[in-house]
Amino acid sequence: MQRIQITGEPVLHTVAKEVPQITDSIRELVEDMYETMDKAPGVGLAAPQIGVGLRIFVFSWEDQGISYRGVAINPELAFSPYDPADCDPESDMEGCLSIPGERFPVARSQTATLIATDLEGQTYTIEATGWLARIFQHEYDHLNGMLYADRLEKPYKKQMKKAIKASGWGEPGFSWLPGQDYLEP
């Protein structure tokens with residue numbers, strides 16, 4: 001299990017690098033990511049969130065009896081257009097393991113197409129809707145140095161900035177270990 005980096009850590013605000021080759025160390029990293037995500041608990045985790053600036057994320061989501069669990073290495077993501085102003089304060093709530101304890105509504109596309117490589121080096125495609133599409137967009141943002149806080153609109157953007165400041169975050173050096181650290185919002 002790995003420590004999860006909190007907003008302000010430079011790796012979270014930097015575009016991640018492509019994975020040049022799937023090696024045993026990449027397989028071990030992915031295993032650590034699954035364990036960390038599951039223990040947090042979360043529905044997704046990107047490598048930058050555990051301090052590794054590589055284009056990898058893991059996800060785990062169940063919808064209507066169908067389980068989606070996998071790794072996306074060097075993913076590409078396409079999604080339908082959406083209006084950031086069309087944000088529902090109840091149904092569009094999101095949280096992030098790198099901003100623990102906070103939840104705010106953020107607009108996302110209702111559909112997304114993920115094209116990625118798995119641990120065997122095979123390319124796969126998932127056509128996602130609803131929350132799975134949201135998870136993919138959230139994790140893909142992490143690979144591009146963006147947190148969901150960066151997508152918030154008024155008045156939530158200001159509320160998030162206050163919450164981060166009140167927690168003392170927003171600068172390097174903050175992380176937490178799922179199952180061991182207790183963080184108050």
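Trainee: Which residues are buried in α1?
Mentor: In α1, the buried residues are I26, L29, V30, D32, M33, Y34, T36 and M37. Keep in mind that this is a predicted model.

Trainee: And what covers the buried residues of α1?
Mentor: Their cover includes four strands: β1 (4-5), β2 (44-46), β3 (56-63) and β4 (66-79).

Trainee: How far apart are the end C-alpha atoms of helix α1?
Mentor: They are 23 Å apart. Helix α1 covers residues 24-39, and at 1.5 Å a residue its 16 residues should span 22 Å, so the two values agree.

Trainee: OK, on to α2. How many of its residues are buried?
Mentor: Twelve of the 14, so α2 is mostly covered. The buried ones are L132, A133, R134, I135, F136, Q137, H138, E139, Y140, D141, H142 and L143.

Trainee: What covers the buried residues there?
Mentor: The cover of α2 includes β2, β3 and β4, along with β5 (93-95), β7 (111-117) and β8 (123-129).

Trainee: What span should helix α2 have?
Mentor: Its 14 residues, 130-143, should span 20 Å at 1.5 Å a residue. The end C-alpha atoms of α2 are 21 Å apart, which agrees.

Trainee: Let me look at rings now. What lies over the face of W131?
Mentor: That's R134, at 5.0 Å from the ring centre. R134 is also among the buried residues of α2.

Trainee: How many aromatic pairs does the structure hold?
Mentor: Six. One of them joins F79 and Y82: the ring centres are 6.2 Å apart and the planes are at 45 degrees, so the pair is tilted.

Trainee: What about F104 and Y156, how are they arranged?
Mentor: They form a tilted aromatic pair, 6.4 Å centre to centre with 55 degrees between the planes. F104 lies in strand β6 (residues 103-105) and Y156 in helix α3 (residues 156-167), so the pair ties together parts that are 52 residues apart in sequence.

Trainee: Which side of the cut-off is F104 on, buried or exposed?
Mentor: F104 counts as buried, at 8% relative accessibility. The cut-off for buried is under 20%.

Trainee: Which residues form an aromatic cluster?
Mentor: F57, F59 and F136 form one. F136 is one of the buried residues of α2.

Trainee: Switching topic: where does A116 lie?
Mentor: A116 lies in strand β7. It is buried, with a relative accessible area of 2%.

Trainee: What does A116 touch, leaving out residues up to four places away in sequence?
Mentor: A116 touches A72, I73, P75, Q122, T123 and Y124. As for L77, it is 39 residues from A116 along the chain, and their C-alpha atoms are separated by 8.5 Å.

Trainee: And where is Q2 found?
Mentor: Q2 is in the segment before β1. At 28% relative accessibility, Q2 counts as partly exposed. Not counting residues up to four places away in sequence, Q2 touches D32, T36, I50, W176, L177 and P178. D32 and T36 are among the buried residues of α1.

Trainee: Time to zoom out. How many helices and strands does the protein have?
Mentor: Three helices and nine strands. Along the sequence, the pattern reads β-α-β-β-β-β-β-β-β-α-α-β.

Trainee: Why is the protein said to be as compact as a globular protein of its length?
Mentor: Because its radius of gyration is 16 Å, close to the 16 Å that the globule rule gives for 185 residues. The C-alpha trace spans about 45 × 35 × 30 Å along its principal axes.

Trainee: How much of the protein counts as buried?
Mentor: Of the 185 residues, 47%. The accessible surface comes to about 9500 Å², and 49% of that belongs to carbon and sulfur atoms.

Trainee: One last thing: which share of contacts join residues at least 24 apart?
Mentor: It's 68%, among contacts between residues at least 6 apart in sequence.

Note on methods. Residues are numbered from 1 along each chain as its sequence is written. This is a predicted model: local features need pLDDT of at least 70, side-chain atom pairs count only at pLDDT 80 or more; totals for chains, interfaces and linings use all residues. Side-chain values use heavy atoms; hydrogens and water are left out. Rings of Phe, Tyr and Trp (its six-membered ring) pair if their centres lie within 6.5 Å; planes under 30 degrees apart count as stacked, over 60 as edge-to-face and the rest as tilted. Helices (H or I, at least four residues) and strands (E, at least two) are DSSP runs, numbered from the N terminus. Buried means under 20% relative accessible area, exposed over 50%, partly exposed in between (1.4 Å probe, protein chains only). A charge sits over a ring if NZ of Lys or CZ of Arg is within 6 Å of the ring centre and within 35 degrees of the ring normal. The radius of gyration is taken over C-alpha atoms; the globule rule is 2.2 Å times the number of residues to the power 0.38. Contact means heavy atoms within 4.5 Å. Accessible areas come from the Shrake-Rupley method with a 1.4 Å probe; for residues, only the protein chains shown count as cover. The expected span of a helix is 1.5 Å times one less than its number of residues.
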